[in-house]
Amino acid sequence: MLVEHQGKRPRIHDSAWVAPNAVISGDVTIGPESRVLYGAVVTAEGGPVEIGGQAIVMETAVIRGTQRHPVRLGSHVLVGPHAHLTGCTIEDDVFLATGASVFNGAVIERGAQVRINGVVHLKTRLPAGAVVPIGWIAVGDPATILPPDKHDEIWAVQRELDFPQEVFGLSRPPTEAGMGSLMPELTRRYGKALDAHRSDRTLPDGDEDS
Amino acid sequence: MLVEHQGKRPRIHDSAWVAPNAVISGDVTIGPESRVLYGAVVTAEGGPVEIGGQAIVMETAVIRGTQRHPVRLGSHVLVGPHAHLTGCTIEDDVFLATGASVFNGAVIERGAQVRINGVVHLKTRLPAGAVVPIGWIAVGDPATILPPDKHDEIWAVQRELDFPQEVFGLSRPPTEAGMGSLMPELTRRYGKALDAHRSDRTLPDGDEDS
Amino acid sequence: MLVEHQGKRPRIHDSAWVAPNAVISGDVTIGPESRVLYGAVVTAEGGPVEIGGQAIVMETAVIRGTQRHPVRLGSHVLVGPHAHLTGCTIEDDVFLATGASVFNGAVIERGAQVRINGVVHLKTRLPAGAVVPIGWIAVGDPATILPPDKHDEIWAVQRELDFPQEVFGLSRPPTEAGMGSLMPELTRRYGKALDAHRSDRTLPDGDEDS
């Protein structure tokens, strides 16, 4: 399902294959011999998504570009099923396993691996060849890579990366518990941006730019 | 894709937006200025799902109401991609990150946060403003919040919450390993309930109640 | 959505129910009174997928058979939302919770349980009645079951199971960090195999074999 969003249409190379029920919406470029499998969502929400050649985006993976954080995904990259990538840069030859998630402003350098359910957090830089083990979290620049039980150490780094400010332009409240107070304004802003989908146009097969 | 299930149709506020390939099935109410993004599934399986205003249900999230456990989701709530909510109450201003899961009978109080891949277990009450760290588990009422390596402590609480009885009306076997013996009856009951989908009716665009 | 892939069509028992937007592609057999819920993907990629009777595949779960690793899923099995199964054998009466993942060559014996976000790794045999706790990893034959912080112990077993060789026929590089060097050849091979989807044919409703 190809969607024209904010007047922009996906550009999909003739040698790429996109499953008929995958969603490719807006300013998305997909390079030669890449594959987007069933149920995946690649959505340019105000900022572009560029996917290189021989990349494989597996079933139900979600990739989102935003105005502040476009997505650039290199060549020979594998994005596993149930993975979630938002506003990040993935260099060539990266392996993102099942359920991996990568957040806004993160950079995963060439040949790095994020294993099953691994997380690369906001504004984190994962160096070339680095490995995030199953269920671990990479956080910071340069990245510290920690298991989930090390919450205090993760939060000490993560807090300074300031998710509400970076992603939504909202000031973080003084305490970790205070996030709730941001939600009315956060959902109002995000909901308003998403309202641009009302003028989407689903494209007939073969009508994408190529 | 809007579905009439068991004679009931979704009610979606005119100012809400639902992605064309999201599924909204049965007795589901979606409030003003809410958004349901690509690939999400909101399904009332014998019990209602009510979603408030300015809520955002992100890509491929799954929300399920059941007869014993309806879903009530407040206003200004964000449900991340790949999240799974079943039969729970989510108060206003709650942030549920990527891959969060919340189970039957749970209550998440106002302004709480469940971070990436965090779990709020059966019949658990997460207090206002509480935080479930990345990959941690909240269990019990009041909730204990533990990292995954603390399985023995989690199970000591979880065992008493009695998932098979609460969700399927089946008596838990005496040992943790005995769950398998319930599966023939569990799948028979659940499969029979799901058979009600045979008389579903996919609604033409614009034919939902509003 | 039923798909003929490589000349093969799904065979779905008359008493089974498959959600209209679930994908069933290629050499897939679904037994009596089974259910495949919204957004699920069951895909035979060069090797068959056989699902027994009274099995329930929940929303957005992904099940993939490959040439080297077919899938056989027994009767009375529950596959939770956001689960991912590839090339594995699941015996009768198994419970796979939300976000569970099971990899190529794994065998889950009768009545075992994989809890929320649990992982059963490559070529791992999980014995009858065993339990993988929330977020833990089972690895090896016989399986060692470990929490995510035990990465060194997990990797010591996993390394010998040789994912690149087993799944893609590629020799593992000498260091853990060397995976990136395989990605050009890995994505070339996988992309070429997936190219077979170009000659898929979406089947009209009711046109599957039964």
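## Salt bridges and basis of the model

Over all chains, the count comes to 36 salt bridges, a salt bridge being a side-chain nitrogen of Lys or Arg within 4 Å of a carboxyl oxygen of Asp or Glu. The structure is a predicted model, in which local features need pLDDT of at least 70 and side-chain atom pairs count only at pLDDT 80 or more, while totals for chains, interfaces and linings use all residues. Residues are numbered from 1 along each chain as its sequence is written, chains are lettered from A and ligands numbered from 1 in the order in which they are written, and side-chain values use heavy atoms, with hydrogens and water left out.

One of the salt bridges joins the side chains of Glu185(A) and Arg189(A), at 2.8 Å from N to O. Glu185(A) and Arg189(A) lie four residues apart in helix H3 (residues 183-194) of chain A, and are therefore separated by about one helical turn. Helices (H or I, at least four residues) and strands (E, at least two) are DSSP runs, numbered from the N terminus.

## Relation between the chains

Chain A is superposed on chain B by a rotation of 120 degrees with 0.0 Å of shift along its axis (RMSD 0.0 Å). That is the relation of a three-fold axis. The copies use different surfaces, since 14% of the contact residues of chain A recur in chain B. The superposition is by least squares on the C-alpha atoms of residues with pLDDT of at least 70 in both copies, and contact means heavy atoms within 4.5 Å.

## Interface of chain C and chain A

Chain C gives 44 residues to the contact and chain A gives 36 residues. The area buried between them is about 3100 Å², with carbon and sulfur atoms giving 65%; buried area is the accessible area (1.4 Å probe) that two parts lose on being put together, summed over both. On the side of chain C, Met183(C), Thr187(C) and Arg198(C) lose the most area to chain A, together 16% of what that side buries.

Two salt bridges cross this interface, and the side chains of Arg64(C) and Glu59(A) meet in a salt bridge at 2.5 Å, N to O. The elements of chain C that give two or more residues to the side touching chain A are strands E4 (23-25), E7 (41-45) and E10 (62-66) and helices H1 (151-161) and H3 (183-194). The largest share, nine residues, comes from H3(C).

## Interface of chain A and chain B

Here the contact takes 43 residues from chain A and 36 residues from chain B. Chain A and chain B bury about 3100 Å² between them, 65% of it on carbon and sulfur atoms. Met183(A), Thr187(A) and Arg198(A) supply 16% of the area that chain A buries against chain B, more than any other three residues.

The count between chain A and chain B is two salt bridges. Arg64(A) forms a salt bridge with Glu59(B), with the closest N and O atoms 2.5 Å apart.

## A parallel sheet in chain C

Chain C holds an open sheet of seven strands with parallel pairing, in the order E3-E6-E9-E12-E15-E18-E21. Strands E3 (17-18) and E21 (131-132) of chain C stand at the edges with a single partner strand each, so one side of each is left without a neighbour in the sheet. Two strands pair if DSSP finds at least two bridges between them.

Within chain C, strand E12 (residues 78-79) and strand E15 (residues 95-96) pair in the parallel sense over two bridges. The bridge partner of Val79(C) in E15(C) is Leu96(C).
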